[in-house]
Structure formats: C-alpha cells, structure tokens
Amino acid sequence: MDANQNGFKLLSLCQNYFLQAVLAASLFAVITAAIQWTSMGHIFAEQHYSTLAIYALMAVALAVSLFRHNQIQHLKSDIARRSGNEIELSHDALCANSIVTHTDPNGIVIWANDNFLETYGFKRDEIIGSSIARIYPNSVKNPTYQEIRDCLTNGQIWFGHSEEIRADGSSLFVEGKIIPIHDEDGQLIRAVSIRTDQSRLEHVRGIKDVFDHLQDEIYIYDSESLQMVYANLKANECAGWDSDNLGNYTIIDANEQMNEAAFRAHTAPLVAGQKDSVSINVKRGATFGEISTRLHHSKNGRVMFMSIIRDTTARVKAEQARKDFVSTVSHELRSPLTSIKGSLLLLESGTLGEFEAKAKAVLSIAVRNVDQLMSVVDDILDMHKLQAGMMEMAKEPTDLVKFLNSVLEMNKGYADIHNVNLSLNTDLISASQNIDPARMTQVMSNLMSNAIKYSPDKGTVQVNFGESDKRYRIEVVDNGPGIPKAAFEKIFRGFEQIEAADGKERKGTGLGLAIAKSIVQAHNGKIGLESEVGKGTTFYIELPKEFRQIDEA
Amino acid sequence: MSNLTRILHVDDDEDIRTIANLALEMVGNFELMQCASGSEAIAQIAEFAPDLVLLDYMMPVMNGGETLNEIRKIPGYADVPSVFMTARLQEELVQELLDKGAWGVIRKPFDPMTLADDIRAIWAKGPTKVPEPQF
C-alpha cells in the first residue's frame, strides 16, 4: 500500500513538471510568432519556414500533453476509487475475524463490531458511549492499560497481549493492536483496536506445556510417512533428536529395536478401525519401555498417530522379582514337603516294614496335615500369581458335561469321607466351551469341597448344569448351614474365611474362593452365591457361550 | 520298544533322591543310577546306558532342560526318552517341556507308591513330539 502510494505521488509530480515545461515552451513560441506577425508582411518569405515548423511542432506537443494529462487524471481517480473499496473490504474482512472497536481520544467506545459484543458479553447500548477502561481489570493501576494510553498519546501503535474482563467478570486473554488515527493537524481523533481472543490458545499453550514436560515420551507423526510432527522434550532427549529438525525423523528412528514393516503391521488395526489403541513392549539398552499408539486426526484431515513411550523398567523388574519369588518359594517350600510326604507315604504303605495300628494312625495324621500345608502353599502362590497377572489360562475346547462328570468323580473320595452324596443334574448331552480344564477343575473342586465340608451327614451336594441363550450356568448346591447375607461379598476377598452359620470352624486359608473368582473372571465369567441361613447355599458360575450352537440336520 | 529297565535320575536334593530311590528300586524294581547334578549325569550317562532319563527341572548351575540339551549331544542319546519333574504351579513350563520333546512331566510332590507306575505309563505312551535339537 505504501509503495503504491509513493509511486502514485511520484507519477503525478513528474507529470506536473513536464506539463509546466511544455506550457512555458508553448507560451514562448506563441508570443514570438505574434511579434513576427505584427512586425512585417513577408511572413511567407522562405527564411521563416523553419520557424513556422518549430511552432507547428510545439502546438502538436501541447495537444499531446493535454491528452496525456487527461488520461492520467482519469487513472488517478480510478485508483483512488478502487483503493477506497479495498479499504472498505479489508475492514469488513477484519471485522469478520477480529474483535474491533473504535474509541474517541478520551477512550469512549464509539463503535464496536459484533465479535466484540459476543466475546465480551456486552449489549451494544451498554458499551457504546462508555469507557473502554471497563474491560481492563483495575484499569487505573493496570500497567497494560496505562501503556496503551501512553502509546496512543505519543501517536504510536500499541501491540501486545493483555488479560481483560468480560461483562460477567470472567477473564480472557487477548492479542491486540491499537492504531491511533490523526487529523491533518496531527491531533488524535480516534483509536482503532483489533483484538483476537487467545483464551483458547492460552489453554492450548498450557496443555502443550504439560505435554512438553511430561516424563513419558510423546510422538505425533503422519500415519503414512511416519514423519514426525511433534515430539516432547523427553522424546527428543531419549531419541537423541535435534528438536529443530523433527521433520527429518520418523517414529522408526525413536528406538533401535523398531522395524518399519513390523511397526506398520502392528498399527494396521488402528488404520482399519479395528482397535482404538495398540501397544508393544520394547527394550532400549538396559531399560524397558511400552509403546502405546492411537489414532489422532488433525484439524486439516491428516491422519496422524500418537505414540507414548513409557519407561516400564521399574515395572518389568518388579514383575521379574515377583516371578522369581513365586518360583523360589515354590521350590523352597515344595522340595521339603515333597520329601516329607514321600517319606510318610512310603512308611504308611508298609513297603519298609509294617507298623502297628497306633503308629499308622499317627502317620495318617502327618500325611493329612502335609496335604493341608501343601494346599496352603499352593493357594498362597496361586494368589500371588493372580495378583501379579502371571497366571495364564491354557484354554481349549472342552465338553462341559464330560468335564463336570470327571470333576464329580475326582471329588467322590472326599465326599465318601464326609458321608455325603454327589449328583449331577443336567438335560444337556454335550456343551463345548473354551476353558482351561486344569484351572476350572480347581474352581469346581473348591466349590464342591466347600459344599461337602459344610453338608450334614448323609447330605447331598447337587451339581446343576443348564443353559440360556447366551450363557451356561453351573450350580453347586448344598443343604448345609447357609451363609449370612452380610458375608456374601467378603467371602470372595481371600484370607477371610467367614464363620459358618452353625459356628463350626473349618480348615482352610479362605483363599480358595478368591482364587476361584479370579479364574472365573479370566474366563469372562461370573461367580456368585445364593444362600438362606438354615436351608443351604448355592454357588453358581455363569460362562458366556463362545461357540454358536449348530443344529444337526 | 524295548522294556524299560534302566533309569538315570538327576536331582540336586538328596532327600528326594533317597525317596525316589526307594520308589523306583524297591517299589518299581528298576535299575537306577542317581546323580546330584547335570554335569555329573553327562559324565556318567554313557557308562550306565539308561533307557530313560528322569530329570528334576529346577537345579542350580545347570537346570533339567540344559542338562538334556547336553545329553542329546552325546552320540547315541540324541533322542533319549526323557521325563521331567516340576512343581505343580509351573504350568507354562510343563507345556514348554512337552513341546520340546519331553516324553512326560511328573509334578512334585510325587507319590512314591505310584511313581514307578507313572513312569511306565509314560514309557508305554511314547514320545508326544519329535524332539527338537535345542531346549
């Protein structure tokens, strides 16, 4: 705009000097001719032809100059008209995007656009005619407000950020430019301020700051080229990158273990919309990390990935320590127990010579208690494994009807000792389900041994097996003393063997049901109980059906 | 398959060796040789020429798997029938051992009165998988 104006001025200046020169020359020529006309009659004499030719040329030059002058005048007015339109258009565009106000030299608002009213929450009548000072908190002491006033008084443009207040008293952050407008004598006649609301940006800046300083590594990059767009401080530090040249790196450069083809295969489910996030464990030197990746759609429609690398060294080491503990305890406790039990069984068998009846009775007490101790050790280790997430389920398609029959068979010996009858009640001939048979046997044995333990003499433990559309249900029903409702939740917590309604104490750690619950949950199932004091207890397991039933033709 | 008569048993726990000795020699009527470590077993296996090796898994210095790897390198023992003993809780290990060619896995604590029968049952069943060269 400035360059245009200067060019325009220069053009009109040159034009003026040229015209003046031509006019002066023409005037001189006309006067000279007039003197020659009046002084003699031999005007047509030969020696004056050259003078006449000069006059004629001058006249032509005068005519051309006048024509050019008209043209330039026309051009000037055209440019002025167009500039006026452009300024008006620019103002409209500015008002559409920015917050614009006009104030008089005393800071009274004389005009405000709709954005101002909307952002600051004022009605037009409310703000027009009142002081702009009201949008500055403590305007008398507000350093920014005073700075603006000084700037405008000195005829300077103010540019900066300020915290201002809305009509309702809430604050907002704005970026502003305030331009003083002067009259021909240099007097301030008004100030035009152009503001943009930075509150959201300020918020985003705050979030970015948090991202920058997080202790996890954060990477944002293009999902196709894998080229980096953002990496926080920790990420740059760990990857050893130059943060000014992020575009030179891809996520593959973040870790020496990364392989592009493998990483693309790993993230394919994200692109296909099959998963919200994927994660993978990596090793970096002596440390361990977990890379979690999710889709991130940028505003311009680019599909990006965001990966977070979290240092899991401490967790991996703790897990290893737990694993070591489980195998050490398992070995250290079980080896002597194995020897004790083996010795006792050999003695009891009579292989090493017969014992008299009293000695045999004592031996069987020892065997029973070794078994008891062994199951406590197993329970504690199971619990430990479950808490550490170390117990893996080896699921395989299993016919639940056969499975339940074998579980009944397995517990028959224990039932006989307690003089309790076992029975399986089902209409199903077969029912295939993916279970870990060893672990589910553990669950069923726990429920059945409890039921047997609490059953009255000559009682019956009934196992019911049925199905609904979506799930199988196994019930273990006893007619023992029952469990008070208050204990229903506690019963699955572990180490909290509740007192039976009949007050009799039974052996066990109380861990069995806690373990059973974890195992059933690992099968996506549910375990629970129904009980009435004095009538008996029903423990049930519900497993969601995994295989669709195929009707036989 | 020939009859199972000679068993090499490797376990670092002396008490367990004693009980296994009673269980296999006295109850089971096998000819038994016992070693307290993997290296001892490797040194003596050729001389004893067992039909089957019974290995405790968790042993110091060289565990049961590593011991079997070394035994398999000895000429004539590349596919020696092997049975492991492990604690009940190491379920993943049991599967891993079977996958790598063990004929069977016996869980501790074992019953000395049935140990011999359990091993005979594994012998009769034969290998579950073709042995892999390395554990």
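How many helices and strands does chain B have? Chain B has 5 helices and 5 strands. Along the sequence they follow the pattern β-α-β-α-β-α-β-α-β-α. The model is a predicted one. For chain B, the pLDDT averages 89, and 91% of the residues score at least 70. For the complex, the predictor gives an ipTM of 0.71 and a pTM of 0.48.

Stay with chain B for a moment. It has 135 residues, and 41% of them are buried. Take the contacts in chain B between residues at least 6 apart in sequence: 64% of these join residues at least 24 apart.

Now turn to chain A. This chain has 13 helices and 17 strands. Of its 553 residues, 22% are buried. Among contacts in chain A with a separation of 6 or more, 52% are between residues 24 or more positions apart.

Within chain A, follow helix α9, which covers residues 313–349. One of its residues is A:K317. Is A:K317 buried or exposed? A:K317 is exposed, because 11 other C-beta atoms lie within 10 Å, and a residue with 12 or fewer counts as exposed. In sequence, A:K317 and A:T287 are 30 residues apart. In space, the C-alpha atoms of A:K317 and A:T287 are 9.7 Å apart.

Next comes the packing of α9(A) against α10(A), the helix of residues 357–387. The two axes come within 10 Å and cross at roughly 165 degrees. α9(A) is therefore roughly antiparallel to α10(A), since angles over 145 degrees count that way. The crossing of α9(A) past α10(A) is left-handed. Sorted by type, the residues of this contact are 16 nonpolar, 3 polar and 6 charged.

From here, move to the interface between the chains. How many residues of chain B are in contact with chain A? On the chain B side there are 20, and they touch 20 residues of chain A. Two helices of chain B, α1 (14–27) and α4 (91–99), each supply at least two residues of the side that touches chain A. The largest share, 6 residues, comes from α1(B). By type, the side of chain B that touches chain A has 12 nonpolar residues, 1 polar and 7 charged.

Helix α9(A) returns here, now with α1(B) as its partner. Their axes are 9 Å apart, and the helices pack at an angle of about 30 degrees. That angle makes α9(A) roughly parallel to α1(B), because angles under 35 degrees count as roughly parallel. α9(A) passes α1(B) in a left-handed crossing.

Which residues make this contact? From α9(A) come A:S335, A:T338, A:S339, A:G342, A:S343 and A:L346. From α1(B) come B:D15, B:I16, B:I19 and B:L22. Together, the residues of the contact divide into 4 nonpolar, 5 polar and 1 charged.

With α10(A), the axes cross at roughly 165 degrees. With α1(B), the angle is about 30 degrees. The crossing with α10(A) is left-handed, and the crossing with α1(B) is left-handed too.

Terms used. Residues are numbered from 1 along each chain as its sequence is written. Chains are lettered from A and ligands numbered from 1 in the order in which they are written. This is a predicted model: local features need pLDDT of at least 70, side-chain atom pairs count only at pLDDT 80 or more; totals for chains, interfaces and linings use all residues. Two residues are in contact if their C-beta atoms, placed from the backbone, lie within 7 Å. Helices (H or I, at least four residues) and strands (E, at least two) are DSSP runs, numbered from the N terminus. Ala, Val, Leu, Ile, Met, Phe, Trp, Tyr, Cys and Pro count as nonpolar, Asp, Glu, Lys and Arg as charged, and the others, Gly among them, as polar. A residue is buried if 20 or more other C-beta atoms lie within 10 Å of its own, exposed if 12 or fewer, and partly exposed in between; C-beta atoms are placed from the backbone. Axes are lines fitted to C-alpha atoms, for helices over the stretch in contact, and angles run from 0 to 180 degrees between N-to-C directions. Angles under 35 degrees count as roughly parallel, over 145 as roughly antiparallel, 65 to 115 as roughly perpendicular and the rest as oblique. A crossing is left-handed if the near helix is turned anticlockwise from the far one by less than a right angle, and right-handed if clockwise. pLDDT is the predictor's confidence in each residue, from 0 to 100.
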